[in-house]
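Dear colleague,

I am handing over the structure below, together with notes on what was found in it. Please read the notes with the coordinates open beside you.

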Amino acid sequence: MHDDHGHGHGHHHDHHDASSPEVRVEALEDLLVERGLADRERIDATTQRFEHDIGPMIGARLVAEAWADAGLRRRLLTDADAVVADMDIRGAEIEHIEVKANEPGVHNVVVCTLCSCYPWALLGLPPNWYKSPEYRARVVREPRRVLAEMGLELDAETEVRVWDSSSETRFLVLPERPAGTEGWPTERLAELVTRDSMIGVARVTDPGGQ
Amino acid sequence: MPPDAEEPTPATRGVHDLGGASGWGRIPYEADEPPFHADWERRVFGLLGPVTSATTRRPGEFRYALERLHPDDYFDNGYFGRWLAGFEVLLAEYEVFGPVDYSARLEARTGPIPSEVRRMSPELRVAPVADRVPSMLPPDRPVPVPQRRTVRRDLAEPPRFGTGDRVVAPTPTQPGHTRLPGYVMDKPGTVAKLHPAEVLPDSTAHNRGERPQHVYCVGYDARTLWGDDAEPNATVYVDLYECYLTAAESD
């Protein structure tokens, strides 16, 4: 379907054929803008918000606060919606949030097998690997193998809980707080918390660099 | 492209219903991926709001456009490629602009295009939504719609199941959008928790009303799902709408 095509139409798009997404999205955008159905400045503003302002640092703040405050941790695990509202976190894909805590003997990991649902307002847009058919197909059937492949080995005694985001509920993993961080301010704790750890495919590593 | 299926899957499973599908290889992991890998992905993402405003904001309808795509269009250009094809489907079905306009724009960029790659045309490889009408939806029970745009609804009816109840979701006999993953169909699970009630995407995706449902988080022991292939000590939790579920016979 991606035919060879000649060059030299004197047009800067001619390295793509009509089935290429580059050409198609330009055509769609032009038609929508001309009809007053889309505004290029708003399109740019939306994408820039998701490139710069909305990302894993929001979820990392929640995690760090929960590490630092046992009362907040309890609320986050029982009524995350209230905590999210209190922290004035708003946006898409957080209709109802459930936070699942990793602890000794229990490891949580999140997927959306039917689509690629993800808590955008807490973690930003999902990475490609999360949206890949490989991850969506395999992590429900062989979570230990998938996690090991991604660098996270779990012992046989640890229970694995896989959360498939099939309704409008969105899941966030509360990773275990690494040793050696006692007394750290939440800002410094938040810097340790990675996107992967809040999806459940990585641990938060010790600040000692382990 | 998806690998050839090594085992039969229920007829109701669509291209998107990937949970447990065999034959897929290594996770294409990349550390610290950015949200977009090319400018065209950025543009597609930015068009989500305009396209849904011009067509539909009903829950599930855009997803159902993706689920009806030909596997090539679903997989070939990744997540945003799938969105782009879904936009083409919705814009054509809602007649926001026609295939002639669109083809003309494409040809202005590429020169004459062969009909087999023409989009939004009669050759568009998508299963028509009109041919896939869900016929066995639960009765509608209108409830007040909150002012804020949300899929959550307050139901007066109490939930049919409680935590610890054994339940099973039979394989659906009707076509259409559903949030019931194929890999749990006909398998017994245990209600772990209730989530807030929501409108039923199986209905809203087809413009058949909200029909709100209680939603249950149902836990499935990996051995129940995968038999002898199951990894030890694993549970998969799936969120299911009440109308999917019946009481499981005790085992």
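In which loop of chain B does B:Asn233 lie? B:Asn233 lies in the loop between helix H8 (222–226) and strand E4 (234–241) of chain B, where helices (H or I, at least four residues) and strands (E, at least two) are DSSP runs, numbered from the N terminus. Phi of B:Asn233 is near 60°, which is a positive value in a residue other than glycine. In chain A, a positive phi near 60° is found for A:Asp88, again in a residue other than glycine, and A:Asp88 belongs to the loop between helix H5 (80–86) and strand E1 (96–101).

This is a predicted model, in which local features need pLDDT of at least 70 and side-chain atom pairs count only at pLDDT 80 or more, while totals for chains, interfaces and linings use all residues. Residues are numbered from 1 along each chain as its sequence is written, chains are lettered from A and ligands numbered from 1 in the order in which they are written, and side-chain values use heavy atoms, with hydrogens and water left out.

As to confidence, chain A averages a pLDDT (the predictor's confidence in each residue, from 0 to 100) of 91, and 91% of its residues score at least 70. Residues 1–14 of chain A stay under 50, although the model has 24 contacts (heavy atoms within 4.5 Å) for them beyond four places in sequence. Chain B averages 88, with 90% of its residues at 70 or above, and its residues 3–11 are below 50.

Between the chains, helix H2 (residues 40–53) of chain A packs against helix H1 (residues 39–46) of chain B at an angle of about 110°, with their axes 9 Å apart; axes are lines fitted to C-alpha atoms, for helices over the stretch in contact, and angles run from 0 to 180 degrees between N-to-C directions. The two helices are therefore roughly perpendicular to each other, a term that covers 65 to 115 degrees. Among the residues that meet there are A:Ile43, A:Thr47 and A:Phe50 from H2(A), and B:Arg42 and B:Phe45 from H1(B).

Chain B is divided into domain 1 (39–130) and domain 2 (166–247), with bounds from an automatic or database domain assignment. Their C-alpha centres lie 29 Å apart, and eight residues of domain 1 are in contact with nine residues of domain 2.

With kind regards

Technical notes:
Parallel < 35°, antiparallel > 145°, perpendicular 65-115°, else oblique.
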